[in-house]
Amino acid sequence: MPSSDARRRILIVEDEPTIAASIAARLRAEGYDTRTVHDGLAAVEAAGEYRPDALVLDVMLPGIDGLEVCRRVQAARPVAVLMLTARDDETDMLVGLGVGADDYLTKPFSMRELTARISALLRRVARAAPAPETQSALRIGEVEIDRTERRVRRDTAEVHLTATEFDLLVRLATRPRVVHTREQLLGEVWGHSAAAGIRTVDSHVRALRRKLGDGIIRTVHGVGYALESPR
Ligand code: CA
């Protein structure tokens, strides 16, 4: 495994002790630093104090659920979130809601799949900083993207995007009007190509449209998405 992952901190939020323990054991074996909590409020507290690079976050938790944990943690500081769900239809529901997780994994899953997803998530966060030679500011209609500060303004008002929404927007904005397939976006932004991932792309496109206006991203049916200049 790459040495850059070696000291990354992962906060595991899972109320089933056996599952929590196997996730922690596997991630530690892969070289990650881990901390485990078993309920939602402890997760929010630990996220502030431990400052993890990523969260492995179960949806169904005692106290506050994984959705609320995700909202509260992301409001304080953007962090990569891999959400664990009980069923595929639960994943569909959460993707539809656009809860702000970066990826989803349905139980039961293999530890190999879990570590692959975590590794992809962290690689993406690591390369999110723009190269020095690239132009920092991008403008698409009334939307302005500052890649150095990772901020987005629409008609001068600041818009809060999750880390993944920001990366997806930048990916589309650097080549406006070019059609990107969902598989291509999945590979470039998420760094893996699991079956559930295609729906994750759709959910993040929906979130961007909700925050930046319906006109900004065009759906090319049967092909993918392209960024448009909104009127
Ligand atoms: Ca649970």
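The crossing of helices α2 and α3 is right-handed, where right-handed means that the near helix is turned clockwise from the far one by less than a right angle. The structure is a predicted model, in which local features need pLDDT of at least 70, side-chain atom pairs count only at pLDDT 80 or more, and totals for chains, interfaces and linings use all residues. Residues are numbered from 1 along each chain as its sequence is written, and side-chain values use heavy atoms, with hydrogens and water left out.

**Helix pairs**

Helices (H or I, at least four residues) and strands (E, at least two) are DSSP runs numbered from the N terminus. Helix α2 covers residues 40-50 and helix α3 residues 66-76; their axes come within 10 Å and cross at roughly 15°. Axes here are lines fitted to C-alpha atoms, for helices over the stretch in contact, and angles run from 0 to 180 degrees between N-to-C directions. The two helices α2 and α3 are therefore roughly parallel, a label for angles under 35 degrees. On the α2 side the contact (heavy atoms within 4.5 Å) is made by G40, L41, A43, V44 and A47, and on the α3 side by V69, R72 and V73. By class these residues are 6 nonpolar, 1 polar and 1 charged. Ala, Val, Leu, Ile, Met, Phe, Trp, Tyr, Cys and Pro count as nonpolar, Asp, Glu, Lys and Arg as charged, and the others, Gly among them, as polar.

Helices α6 and α7 pack with their axes 10 Å apart, at an angle of about 120°. They are therefore oblique to each other, and α6 passes α7 in a right-handed crossing. From α6, T164, D167, L168, R171 and L172 meet L185, E188, V189 and W190 of α7. This contact has 5 nonpolar, 1 polar and 3 charged residues.

**Cores and buried positions**

Helix α6 is mostly covered, with 9 of its 11 residues buried (under 20% relative accessible area, with a 1.4 Å probe and protein chains only). Among the buried residues of α6 are T164, E165, F166, D167 and L168.

A nonpolar core is a set of buried Ala, Val, Leu, Ile, Met, Phe, Trp, Tyr and Cys residues joined through side-chain atoms within 4.5 Å. In the largest one, of 26 residues, I145, V152, L168, L169, L212, I217 and L227 touch the most other members. Two or more residues each come from β6 (137-140), β7 (143-146), α6 (163-173), α7 (182-190), α8 (197-212) and β12 (224-227). The largest share, 6 residues, is from α6. Leaving aside neighbours within four places in sequence, I217 is in contact with L172, V205, L208, R209, Y225, A226 and L227. A second, separate core has 24 residues, including L11, V59, I64 and Y104.

**Backbone features in loops**

A cis peptide bond joins K107 and P108, with omega of about -5°. P108 is in the loop between β5 (103-106) and α5 (111-126).

Note on methods:
Angles under 35 degrees count as roughly parallel, over 145 as roughly antiparallel, 65 to 115 as roughly perpendicular and the rest as oblique. Buried means under 20% relative accessible area, exposed over 50%, partly exposed in between (1.4 Å probe, protein chains only).
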